[in-house]
Amino acid sequence: MAEVWVLGGTGRTGRGVAAALAGSGVEPVLVGRDEERLRVVAGAAGWRTLALDGVEAMAAAVRAEAPSVVLNTVGPFTRSGPPLVDACLATGSHYVDIANDLAAVPAVLARQAEAERAGCTLVTGAGFGVAATESVVSRLCDGTRRAVLVRTTMLPSLASDGGPVGDALAGTLVEGLPGVPGGGRFAGRRVRDGRLAPASIGGEVRELVTPDGDRVRAGLMPLGELVAAQRASGAASVDCASSEAPSGRARTALRLGAGLLTVAPLRRLAARRLATVRLPVRPAPRAHSWGHAAVTWDDGTTSEGWLRLPDAQVATTAFAAEVCRRLASGGGRPGAFTPVALFGTELATSVGGAYVDADGSTP
Ligand SMILES: NC(=O)c1ccc[n+]([C@@H]2O[C@H](COP(=O)([O-])OP(=O)(O)OC[C@H]3O[C@@H](n4cnc5c(N)ncnc54)[C@H](OP(=O)(O)O)[C@@H]3O)[C@@H](O)[C@H]2O)c1
């Protein structure tokens, strides 16, 4: 049976993906840093586990055993992605990650030619972030009209169990922007004239009313979705917003703190501190998570659409598992892709999502 190696197998996403893959004709293998934690997660399911000391050791194991698919849930992806992609290209294993930062997503897409030569598939952004809004943009931009301006908005609804932020998420938050072209380090981005350009993080707040009737405010956030939306639409101008964008005092603190984050030792300290912060226990703020896109066409008219999804973590697990399952069963093609660019807009409905048109109808 085809093996999917789930790197970060003890984490929130890794555990969920392994459970979703089990029984789908694919064998999950849990890969992590700690043997005991892996054994607890594998539990009665009896999944194979591999305890390896960090990403380099995981990449060496991929080279040695050439699994069918490698799922990388170990953020920050700017650090874990390159050695794991190298290992997959060397062995022909397919690579999947759940990145959604503006540094990591383009880095994987840039390896298109290498992936074609190696005959393997690289998929970046196989989570709620990227897939939710990419699905809506791709559905609206079906090639019949020319898009000139796109604004995507992700509205994740996420329950918190009160656990710590963790190394992966903390590293991703702190490391997601240095080195991205088109503006200053730790500053926002948008697309103008087809290129990344400066934008204000949390700026240009707009209120959206979801098809459920919830009013949600969202400001600009520099995410990997920006790249996916531009590729899906071909628009020269793209903005990418999130209901999780910092606002008010958090936005001011970010502006003041951004200068400090350019100093590498302070950045590492900030990531270590943030990893230990416990998130407050809170129920999901809304019944659904949503991806939204508004597309302005060259005749000046605008179209809007929504994708309804469950809890954002549940959606991330479902997207990642489905992409891995399809690749393990030979459903991919060589190259480097975002998930909807590879599998089309039907990917979202296959994981339980529902498209909702601007008039509230569900096609
Ligand atoms: N695109 C999306 O929509 C989306 C959605 C959710 C999450 N994410 C991203 O995905 C990542 C994982 O999220 P999560 O919620 O699943 O995190 P999590 O629960 O903290 O799990 C992270 C996993 O990575 C492992 N890990 C952390 N640092 C490592 C290192 N240096 N070497 C090897 N393993 C390491 C942890 O292992 P230990 O048990 O050894 O600590 C754990 O198994 C985060 O970066 C997050 O930002 C993206």
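Here is a short briefing on the protein shown above. This is a predicted model, in which local features need pLDDT of at least 70 and side-chain atom pairs count only at pLDDT 80 or more, while totals for chains, interfaces and linings use all residues. Residues are numbered from 1 along each chain as its sequence is written, and side-chain values use heavy atoms, with hydrogens and water left out.

**Overall build**
- The protein has 14 helices and 16 strands (DSSP runs numbered from the N terminus: H or I of at least four residues for helices, E of at least two for strands).
- Its C-alpha atoms fill a box of roughly 55 × 45 × 40 Å along the principal axes.
- Of the 363 residues, 52% are buried (under 20% relative accessible area, with exposed over 50% and partly exposed in between; 1.4 Å probe, protein chains only).

**Annotated domain**
- The unreviewed UniProt entry lists residues 4–123 as "domain: Saccharopine dehydrogenase NADP binding"; such annotations may be inferred rather than shown by experiment.
- That span is 48% helix and 21% strand, and its end C-alpha atoms lie 14 Å apart.

**Backbone spots to look at**
- Most residues other than glycine have a negative phi, and most peptide bonds are trans.
- G75 and P76 are joined by a cis peptide bond with omega of about -5°; P76 sits in the loop between β4 (69–72) and α4 (77–91).
- V130, not a glycine, has a positive phi of about 85°; this residue is in helix α7 (residues 128–140) and is buried, at 0% relative accessible area.
- E204 also is not a glycine and has a positive phi of about 50°; E204 lies in the loop between β9 (195–199) and β10 (206–209) and is partly exposed at 40% relative accessibility.
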